[in-house]
Amino acid sequence: GDKITAYGHVPLDPTNNVAELYAIYVALSLVRGDVIIYSDSRYAIGCLTTYIHDWMENGWGGAANRNIIEPTYALTKNRNVTFEYVPAHSGIELNEEADKLANMGRLSGKPLVVMKNGIEQNLST
């Protein structure tokens with residue numbers, strides 16, 4: 001029943017694909033147990049559900065963004081993580097909110113800010 005949101009500067013090469021993967025990494029880091037991840041990034045979903053198996057089997061040859069894909073995939077272990085594609089910019093309320101948070105993070109330059117039920121969380125404790 002808690003609503004957790006986050007935004008902040010992506011601490012990696014800030015391409016759209018990296019930002020989408022980093023958002024999934026943060027979500028999986030903040031939420032325990034089984035989860036459904038809704039994303040408008042077919043790239044990120046494909047990396048974490050399809051391409052990852054070939055890359056791991058073939059020694060990661062030709063895999064861009066391994067530095068974020070591998071740790072994100074590791075967070076899916078020992079839990080049920082389902083990925084659902086949602087179309088971007090189509091009026092889906094939470095997807096529109098995610099876009100606003102992404103822009104806040106891009107423009108603010110702040111490190112990761114996590115809110116739980118509208119209250120900023122101190123992640124250092």
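The model is predicted, so local features need pLDDT of at least 70 and side-chain atom pairs count only at pLDDT 80 or more, while totals for chains, interfaces and linings use all residues. Residues are numbered from 1 along each chain as its sequence is written, and side-chain values use heavy atoms, with hydrogens and water left out. Helices (H or I, at least four residues) and strands (E, at least two) are DSSP runs, numbered from the N terminus.

**How the helices pack**

- Two packed helices are described by the angle between their axes and the distance between the axes. Here the axes are lines fitted to C-alpha atoms, for helices over the stretch in contact, and the angles run from 0 to 180 degrees between N-to-C directions.
- For orientation, angles under 35 degrees count as roughly parallel, over 145 as roughly antiparallel, 65 to 115 as roughly perpendicular, and the rest as oblique.
- For handedness, a crossing is left-handed if the near helix is turned anticlockwise from the far one by less than a right angle, and right-handed if clockwise.
- Contact, here and below, means heavy atoms within 4.5 Å.
- When residues are sorted by type, Ala, Val, Leu, Ile, Met, Phe, Trp, Tyr, Cys and Pro count as nonpolar, Asp, Glu, Lys and Arg as charged, and the others, Gly among them, as polar.

**H1 with H3**

- Helix H1 (residues 16–30) packs against helix H3 (residues 66–74) at an angle of about 25°, and their axes are 9 Å apart. H1 and H3 are therefore roughly parallel to each other.
- The crossing of H1 past H3 is left-handed.
- On the H1 side, Leu21, Tyr22, Ile24, Tyr25 and Leu28 meet Ile68, Ile69, Pro71 and Thr72 of H3. By type, the contact of H1 with H3 has eight nonpolar residues, one polar and no charged.

**H1 with H2**

- H1 also packs with helix H2 (residues 42–57), this time at an angle of about 60° with the axes 9 Å apart. That makes H1 oblique to H2.
- H1 passes H2 in a right-handed crossing.
- The residues that meet are Asn17, Glu20, Leu21 and Ile24 from H1 and Tyr43, Ala44, Cys47 and Leu48 from H2. They split into six nonpolar, one polar and one charged.

**H2 with H3**

- H2 and H3 cross at roughly 90°, with axes that come within 10 Å, and that makes H2 roughly perpendicular to H3.
- H2 brings Tyr43, Cys47, Leu48, Ile52, His53, Trp55 and Met56 to this contact, and H3 brings Ile69, Thr72 and Tyr73. The tally for H2 with H3 is eight nonpolar, two polar and no charged.

**Between H3 and S3**

- Accessibility words work like this: buried means under 20% relative accessible area, exposed over 50%, and partly exposed in between (1.4 Å probe, protein chains only).
- Thr76 sits in the loop between H3 and strand S3 (81–85) and is buried, at 12% relative accessible area.
- The Thr76 side chain reaches the backbone oxygen of Tyr73 at 2.6 Å. Not counting residues up to four places away in sequence, Thr76 touches Leu28 and Val81.
- Asn78 is in the loop between H3 and S3 too, but counts as exposed at 85% relative accessibility. Its phi is positive, about 60°, although Asn78 is not a glycine.

**Another positive phi**

- Asn65, in the loop between H2 and H3, has phi near 65°, a positive value in a residue other than glycine.

**Strand residues**

- Tyr85, in strand S3, counts as partly exposed at 33% relative accessibility.
- Leaving aside neighbours within four places in sequence, Tyr85 is in contact with Ser39, Asp40, Ser41, Arg42 and Ile45.
- Thr5, in strand S1 (residues 4–7), counts as buried at 16% relative accessibility. Its contacts beyond four places in sequence are Glu97, Leu101, Val113, Val114 and Met115.

**Between H4 and S4**

- Pro111 lies in the loop between helix H4 (93–108) and strand S4 (113–116), and is exposed with a relative accessible area of 62%.
- Pro111 touches Tyr7, Gly8 and His9, again not counting residues up to four places away. Pro111 and Tyr7 are 104 residues apart in sequence and 8.1 Å apart in space, C-alpha to C-alpha.

Terms used:
Polar contact = N/O pair within 3.5 Å; in protein donor to acceptor, adjacent residues only side chain to side chain.
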